[in-house]
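Please examine the model shown below, together with its sequence.

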Amino acid sequence: MNGTTITLSRAKWPVVAVAKSSDLFHRPKKFPQTSRYDACRQKYSRAPISTPDPFLTSASEVIDVRTPAEFAEDHVPGALNLPVLDDQERVEVGTLYKEDVFAARKVGAALITANIACHLQDYFLEKPKDYSPLIYCWRGGPRSASLGIILAQIGFKVHVLEGGYRTYRQTVVRDLEELPGRFKFLMLSGKTGVGKTSILHKLQQQGEQVLDLEGAARHKGSILGLWAGETQPSQKAFESSLRSSLAQFSPSRPVWIESESSKVGLVQIPAHLFQQMRAAHRLELHVPMSWRIRQILRDYPHFTQDRVRLKELLGNLRKFHRQKKLDYWFLLIDNSRWEELVESILTEHYDPAYATSVKRNTEEGHIRNITTLQVDSMAEDYVENTLLADLLEFGSRVYKPIES
C-alpha cells in the first residue's frame with residue numbers, strides 16, 4: 001500500500017441481520033411449489049380415526065383382520081373376517097420375528113399388502129363413498145393399521161379400534177361383572193325332559209326377554225347334550241354371546257332363564273351371572289313321564305340314527321352305574337326299544353341326580369324362592385293357549401323391577 005491510508009466509510013456498507021440457527025432450520029422460506037404441495041396433501045391425505053369403542057354405532061360394519069383361527073375362537077358379534085395374514089402366514093412371520101425383526105417386518109409387509117390387494121378387488125371395490133368400517137386386529141397394531149390406512153387413503157371414513165380385540169375382550173369381561181346385577185331373573189326348572197328350552201323359545205316368540213344359555217353353549221347340559229353336528233364355542237365366544245344378549249335387555253322387564261349347573265357342557269357360566277341365577281325366583285315344572293319321553297325323543301332324534309355314538313356316550317356313565325346296567329341299556333338300543341330306554345335312563349340316572357342337586361342347593365341356601373306348577377299335558381294347543389298365559393301371569397305376579 002506504500003504507506004497510503006485508506007478510510008472506509010461505514011455509511012456505504014449495508015446492515016445485514018444475522019439469522020439465528022433456529023430460524024435457518026425451523027423457518028424455511030416457502031416457495032410457491034411447496035405451498036401447493038401442502039395444500040394438495042391436506043386435501044387428499046387421510047388417516048384412520050382411532051376409537052376405544054368396539055360397538056361404534058356409526059360404523060357401516062366391523063372388520064376383523066386377524067387370522068381365521070383367531071376369529072373362530074372369538075370375535076366382536078357380527079364382525080366380518082377379512083384376514084390380512086392367514087394362519088400359516090402368521091406363524092411364518094412370527095417365527096421369523098424371533099430371529100430377525102427387520103426381516104420379519106419386510107416379509108409381513110409383503111404378505112399383508114398382497115392380501116389387502118385381494119380384499120380390495122374382491123370386497124371393497126363396490127363399496128359406496130359413505131362406507132365407514134370399524135377395523136380391528138389383536139392389539140391395534142400393524143395388521144389393522146395397514147388396511148385402515150389404505151382404505152382411508154381411498155377416501156372412506158375408517159375407524160380403527162384402539163387396543164384391538166383385547167379392548168373388546170376387556171369390555172366383555174367388565175360387562176359380565178356389571179350387567180347381570182341390573183336384571184331380575186325368572187328361572188324355569190324341572191327334571192330332564194320337561195321341555196324347559198322349548199317353553200323359553202315360545203316365551204321369546206311372545207316378546208319376553210330370554211337368556212338362552214343352551215343356545216349360546218350349543219349344548220343341553222347333559223352327557224348327551226351336545227347339539228347334533230355342532231361343536232361347542234370357546235369360553236370366550238360363549239361369554240361374548242351372553243354379553244351381547246344381556247346388553248340388549250331392559251332392566252324394567254324380567255329376564256327368563258333356564259336352570260343350569262355352573263357348566264353347560266364344557267363352558268362355564270360367568271360367576272356374576274351364576275350368582276344372580278341362584279337368587280332368581282324358580283318356577284319348577286312337573287310333567288308326566290310320558291310327555292317327558294316324547295320330548296326327549298323329539299330333541300335327540302340323531303341318537304336313534306347313530307347307535308354306536310349313543311353307546312359311546314352312555315359308556316361315560318360307568319363311574320355311576322355298573323356294567324350290568326349299561327349292558328341292559330345297550331340291549332334296548334340294539335332292539336330299538338327307545339321309549340323303554342329313555343324311561344330307564346331318566347328314572348335311574350337323571351331323576352336321582354336332579355333330586356340330589358336340588359337337595360344340596362336347598363341345604364346350602366341357594367334355593368329360596370320356588371313355585372311348583374303341575375302340567376298334565378304338553379300338547380301344542382295347551383302350551384300355546386294355557387301354559388304360556390300361566391307363566392306370564394306368574395311372572396307379572398312375582399316380578400318387581402330393580403329400582404334405579
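In which helix does Arg243 lie? Arg243 belongs to helix α10, where helices (H or I, at least four residues) and strands (E, at least two) are DSSP runs numbered from the N terminus. The model is a predicted one, in which local features need pLDDT of at least 70 and side-chain atom pairs count only at pLDDT 80 or more, while totals for chains, interfaces and linings use all residues. Residues are numbered from 1 along each chain as its sequence is written, and side-chain values use heavy atoms, with hydrogens and water left out.

Arg243 has a relative accessible area of 13% and is therefore buried; buried means under 20% relative accessible area, exposed over 50%, and partly exposed in between, with a 1.4 Å probe and protein chains only. When residues up to four places away in sequence are not counted, Arg243 touches Phe55, Val172, Asp175, Leu176 and Leu179, a contact being heavy atoms within 4.5 Å.

Rolling a probe the size of a water molecule over the atoms shows where empty space is left. The structure holds one cavity of 30 Å³ or more. Here a cavity is a set of points, on a 1 Å grid over the protein atoms alone, where a 1.4 Å probe fits but cannot get out, and lining residues have an atom within 4 Å of a point. Grid points are joined across faces, edges and corners, and a volume is the space filled by probe spheres set on the points. The largest cavity contains about 210 Å³ of space. Of the 15 residues that line the largest cavity, Leu224, Ile296, Tyr300, Val342 and Ile345 are the closest to its centre.

Which helix supplies the largest share of the lining of the largest cavity? That share, six residues, comes from α16. At least two lining residues each are supplied by α12 (289-299), α13 (301-305) and α16. By class, the lining has 12 nonpolar, three polar and no charged residues; Ala, Val, Leu, Ile, Met, Phe, Trp, Tyr, Cys and Pro count as nonpolar, Asp, Glu, Lys and Arg as charged, and the others, Gly among them, as polar.

The aromatic rings come next. Rings of Phe, Tyr and Trp (its six-membered ring) pair if their centres lie within 6.5 Å, and planes under 30 degrees apart count as stacked, over 60 as edge-to-face and the rest as tilted. This rule gives eight aromatic pairs. Tyr123 and Phe124 form an edge-to-face pair, at 5.2 Å centre to centre and with 85° between the planes. The pair of Tyr300 and Phe303 is stacked, because the ring centres are 5.8 Å apart and the planes stand at 20°. Both Tyr300 and Phe303 are buried. One aromatic cluster is formed by Tyr123, Phe124, Tyr131 and Phe156.

Charged groups also meet rings. The charged end of Arg66 sits over the ring of Tyr165, 4.5 Å from its centre; for this, NZ of Lys or CZ of Arg must be within 6 Å of the ring centre and within 35 degrees of the ring normal. Arg294 lies over the face of Trp291, at 4.3 Å from the ring centre.

Arg218, in the loop between α9 (213-217) and α10 (235-248), has a positive phi near 55° although the residue is other than glycine. Ser336, in the loop between α15 (323-334) and α16 (338-363), has a positive phi of about 55° and is not a glycine. Arg218 counts as partly exposed because its relative accessibility is 31%, and Ser336 counts as partly exposed because its relative accessibility is 33%.

Methods. On a 1 Å grid over the protein atoms alone, a cavity is a set of points where a 1.4 Å probe fits but cannot get out, and a pocket is an open set with protein on both sides within 12 Å along at least five of seven lines; lining residues have an atom within 4 Å of a point.
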